[in-house]
Amino acid sequence: MLIDLRSDTVTRPTPAMRQAISAAEVGDDVFGDDPTVIKLQELTADLLGKEAALFFPSGTMSNQSAIAAHTSPGDEIYADIGCHIFNYEAGAPAALSGVMIMPLQGHYGVFTAGQVEERLRPPDSHFPQSRLIWVENTHNRSGGTIFPQEEALRLQELAVRKGLKMHLDGARIWNAAAALHISERELAALFDSVSCCLSKGLGCPVGSLLCGSSEFIRRAHRFRKRFGGGMRQAGILAAAGIYALENHRTRLVEDHRRAKRLAEAIAKLSTFNLELDFVHTNIVIFDVTPGGFAGSQVTALLKAEDVFATAFGPKVRMVTHLDISDDDIDKTIAVLNKLFK
Ligand SMILES: Cc1ncc(COP(=O)(O)O)c(C=O)c1O
């Protein structure tokens, strides 16, 4: 049996989730008629403490609709240089909304209010208009790291003082909340809008939600339509989301415990470099250059042993999720020790 640690998006719906999908009441959601979509949106808005939520096919479309709804062409967004919108959304902020991103050099995805303030633009017609502060929590490319609440609070104070908006890319907000033992609502409270994904740690086949004020969600709804994201009997997908929100959030601590165990084993291998202090949730990223490898060489060797991981240049990423057991972690550690000790 292969062990697929490439991403937490590789999960298959559980039998109970498939049952929820098959029992879903549906209607045409473009007409606003799908009761299951409406229920999912209300449940998510409530969990995140926002007035309204809107169901999207993907995190990318949810993020991009948020950008479009917050900005005008020529505006500037302040974000960590490793964030998803800057690296992995096909240039969409420029292509779809005509905005610029000021990439900030964060530490494991964490940038400071001071870094933003230094780069804010004076109100002069030469400059782009400073508009939006963008936080990713947890931070994918940095290895599922958590953005500290104290710094988010300082960012919010700055945003209020300077008239900026705050967005949270909370694709994995569920992991951050589970790791910190606080509610998602508390993490979301500092932000005007939050995007969250059902298709990652929560194990759904499809789906993300954008949450915010009713007025903001009304604007985002037009962009969802424009970007081609209106779905019809989407209750089929929303039913999986409701099931996941009710049943898969509390188990995320198990993924975190397994990621930690895997990371501790990797940290013992001198072929690799891994900073254990920055393994906060379900993502483990390590540098393979100490052993003279490229990431792709390591993933090829692992693949031959039926362990799948992702290579990023000199780094390798392994992600724990719903379909990874303690036994899978034992086997992965045994393969790593066999190949690299
Ligand atoms: C932090 C973050 N934001 C957004 C996305 C985009 O989600 P999707 O793949 O559903 O478009 C991802 C996907 O991995 C992500 O990790």
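Predicted model: local features only at pLDDT ≥ 70, side-chain atom pairs only at ≥ 80, totals over all residues.
Select helix α1 (residues 15-22) and helix α11 (residues 235-247): their axes lie 8 Å apart and pack at about 135°. Axes here are lines fitted to C-alpha atoms over the stretch in contact, and angles run from 0 to 180 degrees between N-to-C directions. The helices are DSSP runs (H or I, at least four residues), numbered from the N terminus. α1 is therefore oblique to α11, a class left over once angles under 35 degrees (roughly parallel), over 145 (roughly antiparallel) and 65 to 115 (roughly perpendicular) are taken out.

Residues are numbered from 1 along each chain as its sequence is written.

Now show A16, M17, A20 and I21 of α1, with I236, A239, A240, I242, Y243 and A244 of α11. These residues make the contact (C-beta atoms, placed from the backbone, within 7 Å). The set has 10 nonpolar, no polar and no charged residues (nonpolar: Ala, Val, Leu, Ile, Met, Phe, Trp, Tyr, Cys, Pro; charged: Asp, Glu, Lys, Arg; polar: the others, Gly among them).

On α2, pick contact residues including L40, L43 and L47; on α11, G235, A238 and L245 are among them. The contact has 9 nonpolar, 4 polar and 1 charged residues.

How values were computed:
Helix = DSSP H or I, 4+ residues; strand = E, 2+ residues; numbered from the N terminus. Contact = placed C-beta atoms within 7 Å.
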